[in-house]
Amino acid sequence: MPDDDVRRPRLSQLDQIPDRDPEETAEWRASLAAVTASAGPHRAAYLMRRTLESAAPEVALPPLLETEYINTIPTSAEPAYPGDEALEARITAWNRWNAAAMVTRGSRQGLGGHIATFASAAWLYETGFQHFFRGKEDGSGDQLYLQGHASPGIYARAFLDGRLSEGQLDRFRQEAGGDGLPSYPHPRRLPWLWEFPTVSMGLGPLSAIYQARFNRYLEHRGIKDTSGSRVWAFLGDGEMDEPESTASLALAGREGLDNLTFVINCNLQRLDGPVRPNFKIVQELEAQFRAAGWHVVKALWGVAWDEVIAQDFDGALLRRLRETPDAQFQTYATRDAAYVREHFFGADASLRAIGARLSDAKLLELFQVSRAGHEPRKVYAAYRAAVEHKGAPTVILAQTVKGYTLGAGFESRNANHQMKKLTGAQFRTMRDLLELPIPDSALDADVVPYWHPGEDSPEMRYLRERRAALGGPAPARKVVTKPLPMPPDKPFASLEKGSGGQEIATTMAFVRLVKDLMREKETGRRWVPIVPDEARTFGMESLFPSAGLYSPKGQTYDPVDRDQLLYYKEAKDGQILNEGITEAGSLADFTAAATSYATHGEPMIPFYIFYSMFGFQRTADQFWALADQLGRGFVIGATAGRTTMTGEGLQHADGHSHLIASTNPAAISYDPAFAYEVAVIVREGLRRMYGPEAEDVFYYLTVYNEPKIQPAMPEGVEEGILKGLYRYRTAEGSVTVPAGAPRAQLLASGTAIHWALETQRLLAEDWGVAADVWSAPSWTELRREALECDAAGLRGDERVPYVTRALEGAPGPVIAFSDWMRAVPDQIAPWVQQDWTSVGTDGFGLSDTRDAARRHFGVDPQSLVVQTLAALARRGEVRAQTVKEAAVRYGL
């Protein structure tokens, strides 16, 4: 062990770099040491930070990740406030009152709602509505991602500006009748108001980043001028715990998305308590965003703090603010002046001196009221800094009090997220605090009233003038019908005629089809290919040089494969969004493109292609939000199935994504067996989603990486393909079977159709059994249509489901199988009149050859022969001994 008295010099990265003037370096270091010794570390840190701030732009210094726990913008640097603060305060007060009244009235039905979030954020929203948020009357406007738990305040404002009635407010969270208000921002439930579903926490910030990025994409590709659009995402500090909330911060910073602003309401509380009880969430977020390349604006303290901070000559106050954990600060906000004086200002002599000069009333003002997020001038200054900043996205960390203006029983209380109503006494206190002209007589009834200042009041005239100046009401969702022409038949015909003697996988068939469709003059440029880094796996590298990969910087390097035909080409107007290894980011991209028809009035045709195992399973919540947002486009689960991914094993083997997709009402799911089925489905999808009567659905197709000869499309099968079932080949169309032979019906989807055809041959040649082969492109669509028929029957409209009609009279048992777990084909079992057997790939996947994996799961043709014979034996149509003989013969 080295002697403790031997001091070794501290190692530094800079020791590797030659020092051209060591004496000058030593002088600088000695000066810093002298200041620290004589004036203290706070003074030394202050001088260092001042020096960093003064450094010229060409001095390439990494930024500090944290600044002091004070406002970024000093009061002296705030811009002049352009609005009428008194009128805006009245408007905000009315919104606060009506939001609280709506939730309290709803509690009579046992429904309630959340009050405290909007109470803390009211000025964050109102300042935006009065001065920043652009409406859609002159274009796309701004895109507003609003906190789900703040929805009562947004409804209250829509009531004030005449877009909602008292009756609608009273139907908050009562949607079954068809005219109620959804609990949170749900575009599918209230499509004229809400644009973005945000209450599944974490998805809002992720989606907002990719929305801002897609706005740039549209502009760079010359499709829409989106330079006037800004994305505003309102988030809670607790929401930032979600991994998706911060998953793509680096993308926004890397691409300099200065059309994006995050406003994080830092009321320091999660749903059940403090966000960072023993730490400081504001400082943590600042460091995280700065590290990702964001411009950070901290709006923490109100004006009341200015004179106190001005007395902090030795940094004791800033040090105390920085070291006080959030949970303790919440305690200060709820305790009396004596407690604050003792526990906050009693930490050292300098603080005690400052505290001694402050009255009890001043102490309470500081810790209970004075937050920048509650002062419109502070909020306005932060928003101005955001919209004027160039070259990077901005995050505003605005400190507030959760439950502000709702009274001592709500403010900063751990339980306030679960508090659903105010008492009559609390409403009176709130009225007095907000100085609203509501008489006592109006509060004597059992039900607290809504209140409106009157259509011709100064408040309403001001509100209408401000919104007119900003381009109309907000939030708002506006759909301009703009059908796209159907592509010509030629691209589809190439798949419908088959592949001749060439083996191609359905994955490649789909990619070839889209490549041809992207060449079409009318709609080609509206296709948006999205892929999470596996384009070459899916055979899409041929699109690289022709369509280009989107990059806002273009291509700043010489690609290593430049001399090859299919080189890696990035371009500012590139069409492909190659997102890297991020299914969540790719789906956020897809969502922005899939809803562009409403957001920007420009219908785009996104197709997002991914390993099917890593699609619905990993991002099902985002797919639900996509459906809620009424997205349209094609989602492609490639390399599908549990046995087609040779050697990849358990985590890559998808046997269940169709089950997950079936739970999403907007997902139209297909598992096509042949290239011609892909052509028919895509053509119908384009008609349904982009035709004159566009539907708010999206298509999920699973395609396979197993090359096969693709047959030509038989006559008259289009209806069966789209409905989900048709007879592909009868027993007589395959091999000769004896008259009166036992008969079975084999139903298969996707790559399993090839097992069915081999099973058909073996049954006939080895066992004298006739089997018809049916292709079932969509088990889910068959089930949905059958459920609709059942529902119609309850209304007296008797209908026979398509699957029942299609199989009517087909002799023998039905054996249904696929490369999915049995529950996928089992969806249609209740409507099949014949004896039913399903076979599937239940269980975990494994690594091996396709043949070995299929034998393991019992879905190879020989195993399926045994299953079919067993079904026939149960009916007495073959001997039970035959089943055993077949198992022995095939080595089962």
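Visitor: How do helix 1 and helix 2 pack, and at what angle?
Guide: In this predicted model, helix 1 (residues 22–39) packs against helix 2 at an angle of about 140 degrees, and their axes lie 6 Å apart. The two helices are therefore oblique to each other, because an angle has to be over 145 degrees to count as roughly antiparallel.

Visitor: Which residues make that contact?
Guide: On the side of helix 1 the contact is made by Leu32, Val35, Thr36 and Ala39, while helix 2 contributes Pro41, Arg43, Ala44, Leu47 and Met48.

Visitor: Okay, what about helix 3 and helix 4, how far apart are their axes?
Guide: The axes of helix 3 (residues 85–106) and helix 4 (residues 116–131) are 10 Å apart, and the angle between these helices is about 135 degrees. That angle makes helix 3 oblique to helix 4.

Visitor: Which residues of helix 3 and helix 4 touch?
Guide: From helix 3 the contact takes in Glu88, Ala89, Ile91, Thr92, Asn95, Arg96 and Ala99, and from helix 4 it takes in Phe118, Ala119, Ala122, Trp123, Glu126, Gln130 and His131.

Visitor: And is the crossing of helix 3 and helix 4 left-handed or right-handed?
Guide: Helix 3 and helix 4 cross in a right-handed sense.

Visitor: Moving along, where is Ala150 found?
Guide: Ala150 sits in the loop that runs between strand 1 (143–145) and helix 5 (151–160). With a relative accessibility of 0%, Ala150 counts as buried, and once its neighbours within four places in sequence are set aside, its contacts are Thr117, Phe118 and Tyr125.

Visitor: How far is Ala150 from Ala119?
Guide: Their C-alpha atoms are separated by 8.2 Å, although Ala150 and Ala119 are 31 residues apart along the chain.

Visitor: What about Tyr568, where does it lie?
Guide: Tyr568 is in the loop between strand 8 (549–550) and strand 9 (570–571), and it is partly exposed, since its relative accessible area is 25%. Leaving out neighbours within four places in sequence, Tyr568 is in contact with Arg536, Phe544, Leu549, Gln555, Tyr557, Pro559, Asp561 and Asn578.

Visitor: How many disulfides does the structure hold?
Guide: The structure holds 0 disulfides. As for individual cysteines, Cys266 counts as buried because its relative accessibility is 0%, and Cys789 counts as buried at 5%.

Visitor: What does the UniProt annotation cover at residues 727–860?
Guide: An unreviewed UniProt entry annotates residues 727–860 as "domain: Transketolase-like C-terminal". In the model that span is 34% helix and 17% strand, and its end C-alpha atoms lie 21 Å apart.

Visitor: Zooming out, how many helices and strands does the chain have?
Guide: The chain has 34 helices and 20 strands, and its C-alpha trace spans about 110 × 80 × 55 Å along the principal axes. Of its 892 residues, 57% count as buried, and among contacts with a separation of 6 or more, 78% are between residues 24 or more positions apart.

Notes. Residues are numbered from 1 along each chain as its sequence is written. This is a predicted model: local features need pLDDT of at least 70, side-chain atom pairs count only at pLDDT 80 or more; totals for chains, interfaces and linings use all residues. Side-chain values use heavy atoms; hydrogens and water are left out. UniProt positions are given in the numbering used here, feature names are shortened, and annotations may be inferred rather than shown by experiment. Helices (H or I, at least four residues) and strands (E, at least two) are DSSP runs, numbered from the N terminus. A disulfide is a pair of cysteine sulfur atoms within 2.5 Å. Buried means under 20% relative accessible area, exposed over 50%, partly exposed in between (1.4 Å probe, protein chains only). Axes are lines fitted to C-alpha atoms, for helices over the stretch in contact, and angles run from 0 to 180 degrees between N-to-C directions. Angles under 35 degrees count as roughly parallel, over 145 as roughly antiparallel, 65 to 115 as roughly perpendicular and the rest as oblique. A crossing is left-handed if the near helix is turned anticlockwise from the far one by less than a right angle, and right-handed if clockwise. Contact means heavy atoms within 4.5 Å.
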